[in-house]
Amino acid sequence: MENINDYKIHPRQVADKSSKETLKKAIKLALDVESDAVRLNTQSFNTNRYKAVKKIDDYEELKDRARQIKENSIQNLPQLLDKLTETIEHRGGKIFLAKSKKDATDYIKNVCLSHKAKLIVKAKSITSEEIGLNSVLEKQGFEIAETDLAEFILQVSKEQPSHNVAPAIHRSRESISELFKRNFNTDKSLETGEELTEFARDILRKKFLSADIGISGANLIAAEEGTILLVESEGNIRLTTQLPAVHIAIAGIEKIIPSKKDFGIFIELLAASGTGQPLTSYTNILEPPLDLPILNLNGRKDKQREFHLVIIDNGRMQMREDKDLKEALYCIRCSACMNSCANFQAVGGHAFGGEVYTGGIGGAWTVGTTDILEKGRFAELCTGCSRCVPNCPVRIDIPKLNTTIKNRLIKAAGGPSLQKSFFGNFSILGKFASITPGLSNWVSNLSISRTIMEKIIGFEKRRKIPRFANKTLVKQYKEYRRTNNLKSKTNELTSGLVLLADVYTNYNNPNVGMAAIKVFDKLGMSITLSKLLDEGRASQSQGLVQLATKRALKLATYLEELIDDGNEIIVAEPSVLALFRYDYKKLLNNDKQFDKLANHTYDPIEYINMLIVNCKLDLTKYIANSDLPKPKIFYHGHCQMKTIGAGYVASEFFQRLDYTVDVSNVECCGMAGSFGFKKEYYAISKNIGDDLIHQIIRSDSFDSNTIILASGTSCREQIGDELNNPIYHPIEFLQKILK
Amino acid sequence: MPNEINKEIIEQFIASAKEVVATVERIPANANSLNDALVAATENEVVLLAQPDDLDPELFSIFKLNKNVIIEPTKEQLSTIKTGITDAFCAIASTGSVCLSITKNLSSPASMLTRKHIVIVDSKTIIPKPRDIFSEKYLEGKGLKRSFSIITGPSATADMGPLVRGVHGPGKLHIIIVDLPTGRQGS
């Protein structure tokens with residue numbers, strides 16, 4: 001990894017992602033100098049979060065309540081603001097509603113001027129970054145001391161935040177050490193975490209003792225009681241809000257909730273979801289102006305405590321009117337979406353983020369608070385893997401926010417790019433290519449074709465092109481039924497099981513589909529193949545929402561007929577199964593139809609497992625006897641399968657059959673459908689893939705014979721790009737071990 | 001609260017507090033025992049003793065006569081003092097936290113300017129979960145009536161790379177749980 005302190009591009013230069021070129025440069029910067037620190041730190045937060053939420057016995061219920069409170073609060077925002085104004089003023093504080101960034105900075109500047117302040121201590125506030133407060137105050141001649149150690153680092157390095165909770169997450173201890181040595185003239189040793197912390201503490205303690213004014217953010221504000229919640233670990237928020245006599249708190253208008261009686265829910269969720277702690281070191285519940293003696297350690301003669309609450313609109317009320325972006329206002333900025341995102345773990349917020357807001361949730365916030373759609377271009381880094389969805393404490397559909405931004409960008413550009421049309425219409429491509437698959441594969445792999453494809457549609461040259469099968473699943477199925485003297489039942493509505501002929505299984509992996517057919521045949525269950533219809537996954541992930549909706553409606557109607565006729569639907573491709581169990585809820589906008597699909601669609605192993613659990617199937621009598629030692633298995637759970645709660649069914653299934661199964665904890669393989677094929681994202685995709693590959697080869701039982709199981713087509717492509725081990729869909733492996 | 005539940009909850013609190021790297025001891029609630037505990041915990045250092053907000057001031061009657069104790073500090077002393085003693089109005093079993101009122105008394109400076117914070121809490125005020133502070137069922141609604149800080153372990157940061165304890169706030173947190181004599185329990 002190159003040195004961040006000497007790197008040719010400064011993160012600020014690539015903070016605004018309006019142009020595609022900047023996004024490209026930012027990705028390069030992040031992969032060259034920030035990736036190692038970001039991955040280490042986000043993965044540690046991520047692991048700790050999983051442990052912490054497990055300890056909350058009513059976690060799901062708590063999330064529902066938090067969501068409900070936030071929804072109601074945004075709904076009743078004008079009334080809540082009135083109430084809050086009344087409470088704060090009644091207690092002797094001042095409240096100011098700033099429509100714009102300038103309104104806010106003007107007000108704060110005037111408060112500082114009125115107190116003849118020289119030095120202002122600041123606790124971390126992302127909202128203050130949004131309004132550009134520091135530069136305004138500094139231009140006015142005030143000295144600003146950022147006191148959160150991460151913000152202190154950023155003040156020295158002049159970088160923008162790379163993460164909501166840990167804004168300097170992109171920096172290693174070594175890089176901070178070097179940064180300090182270059183910037184401070186000191187004889188002190190600055191090598192260990194302790195030495196660096198003590199050094200910064202000493203500088204900042206002097207600032208605290210002489211500061212005239214303290215400026216903080218706010219995690220939540222209760223309208224009824226005028227209480228503000230501020231969570232932290234270092235203790236700088238306590239000093240900022242309590243040492244100087246004047247306290248200014250800055251908060252987005254969306255932080256207001258009705259009453260502090262509900263703080264408890266958010267306190268528990270924030271700590272667990274953010275840093276994975278039971279609580280952070282300090283959770284401050286303040287009703288300023290505080291009834292606390294003024295110490296005047298700064299030498300001033302202040303006699304009265306003064307409190308200003310600056311409430312920021314800056315686009316939020318407009319977001320509230322936007323039926324899609326409104327969802328982002330529920331965010332409590334815990335950063336779980338960033339920590340659970342494989343792409344974010346690889347590049348962090350300097351690439352997957354804008355000038356202020358970062359990660360999956362950052363796109364909507366950037367667009368909402370700047371009113372410039374193009375600045376949200378980094379939303380393209382959301383692959384829709386959906387790992388953030390179950391980890392968001394207020395149940396925000398973050399992938400949908402990003403699909404919205406992608407879709408608006410397409411419209412603003414006057415239509416989809418060739419690349420988006422190419423990847424979003426995979427079913428049409430498959431149809432033509434499969435007329436003469438040999439020729440298609442031959443042509444598409446010619447070096448000249450690759451160069452043309454890379455130039456025109458941005459299809460990365462170094463990726464193997466997915467092979468179109470010589471015979472599609474539909475053809476193979478018909479032949480199989482003929483040779484087995486069984487009447488082809490394709491396209492007929494019969495009761496029993498129906499395997500969905502999704503486009504990926506049909507054109508690229510007919511062997512997976514045939515394995516499912518043969519397994520159910522062997523188990524004595526009647527199974528047929530569905531019609532071939534595009535399910536809309538590819539178009540949705542390109543942001544082609546209207547096309548995805550059209551395709552979803554058509555397929556849902558067909559599947560509903562099959563289900564009404566008494567069929568259960570087997571879906572081999574996990575990204576397609578996840579559509580029926582998650583994405584279609586919003587695409588179809590028909591809860592009854594969605595529920596039917598969600599309740600009658602299964603992964604093949606999941607269905608067999610259900611029969612075993614319900615004592616309807618004794619699998620052991622179908623398993624072939626073998627004296628040979630069992631091969632070892634490494635299993636990688638598909639991202640969207642994990643989100644719909646079926647991510648580990650297959651690994652547990654084979655463990656119960658006495659196989660040794662190692663399991664990856666990589667959130668997503670990084671291929672994510674078409675993402676890894678795109679020229680501009682190939683490097684990120686490979687970076688994430690390497691994380692998975694390392695886990696596989698470092699697992700206890702790994703050798704060249706280890707069987708790798710992954711149900712996603714793209715997961716298998718990503719792994720197969722690097723390893724020569726046998727790689728199967730779990731249903732293929734089951735077929736191999738049956739009699 | 002029945003005694004049996006109280007016992008379980010105290011044990012849970014002690015385990016949670018140790019998990020977040022606080023040190024904990026439990027003593028009978030009388031001025032002699034508290035004096036012994038504080039003399040040992042302060043290690044002969046000069047200490048800032050904040051007037052208690054909730055505990056009976058009588059408990060501190062012996063210790064406050066100690067020559068190392070400062071009750072009305074000068075500005076100079078406040079800027080340099082290393083150890084502070086405060087009470088807490090409640091503690092939380094699931095997280096090992098103590099809750100400190102922010103009032104006219106000096107518990108805020110004693111717990112945020114120092115390197116070591118010693119906090120005394122009545123075992124009767126231990127509640128199960130953080131959310132219970134905001135419930136009227138617990139603490140006679142005290143949690144809803146004031147400004148306070150929930151303190152969970154020492155001040156810490158991971159911003160400089162590895163986890164470091166002791167940043168702007170105290171790097172050491174010592175909790176003394178006091179038990180009221182039997183008979184007065186539940187009164």
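**Ground rules**

I number residues from 1 along each chain as its sequence is written, and chains are lettered from A in the order in which they are written. Since the model is predicted, local features need pLDDT of at least 70 and side-chain atom pairs count only at pLDDT 80 or more, while totals for chains, interfaces and linings use all residues.

**Entry 1: chain A overall**

I started with chain A and found 33 helices and 18 strands. (Helices, H or I with at least four residues, and strands, E with at least two, are DSSP runs numbered from the N terminus.) The radius of gyration of chain A is 28 Å, close to the 27 Å from the globule rule for 739 residues, so chain A is as compact as a globular protein of that length. (That radius is taken over C-alpha atoms, and the rule is 2.2 Å times the number of residues to the power 0.38.) I also looked at the box that the C-alpha atoms fill along the principal axes, and it is roughly 100 × 55 × 55 Å.

Of the 739 residues in chain A, 55% are buried. (Buried takes 20 or more other C-beta atoms within 10 Å of a residue's own, exposed 12 or fewer, partly exposed in between, with C-beta atoms placed from the backbone.) Then I checked contacts in chain A with a separation of 6 or more: 77% of them join residues 24 or more positions apart. (Contact means C-beta atoms, placed from the backbone, within 7 Å.)

**Entry 2: domains 2 and 3 of chain A**

The domain assignment gives chain A domain 1 (4-316), domain 2 (457-613) and domain 3 (619-737); such bounds come from an automatic or database assignment. I looked up domains 2 and 3 of chain A, whose centres, over C-alpha atoms, are 21 Å apart. Here 33 residues of domain 2 of chain A are in contact with 30 residues of domain 3 of chain A. On the domain 2 side, α23(A) gives the most, with seven residues. That side divides into 16 nonpolar, seven polar and 10 charged residues. (Ala, Val, Leu, Ile, Met, Phe, Trp, Tyr, Cys and Pro count as nonpolar, Asp, Glu, Lys and Arg as charged, and the others, Gly among them, as polar.)

**Entry 3: where A meets B**

Next I went to the contact between the chains, which takes 37 residues from chain B and 46 from chain A. β9(B) gives the most to the chain B side, with four residues. By class, I get 17 nonpolar, 16 polar and four charged residues on that side.

Strand β9 (282-286) of chain A runs antiparallel to β9(B), joined by four bridges. (Strands pair if DSSP finds at least two bridges between them.) Thr283(A) has Ile150(B) as its bridge partner.

**Entry 4: Thr152(B)**

I picked Thr152(B), in the loop between β9 and β10 of chain B. Thr152(B) is buried because 29 other C-beta atoms lie within 10 Å. Beyond its neighbours within four places in sequence, its contacts include Pro278(A), Leu279(A), Val20(B) and Gly96(B). Ser111(B) is 41 residues away in sequence and 12 Å away in space, C-alpha to C-alpha.

**Entry 5: β12 of chain B**

Last, I looked at β12 (172-179) of chain B, where six of the eight residues are buried. β1 (23-28) of chain B pairs with β12(B) in the parallel sense over six bridges, and Arg26(B) stands opposite Ile177(B). β7 (116-122) of chain B also pairs with β12(B) in the parallel sense, over seven bridges; there Asp122(B) stands opposite Val178(B).

Terms used: Contact = placed C-beta atoms within 7 Å.
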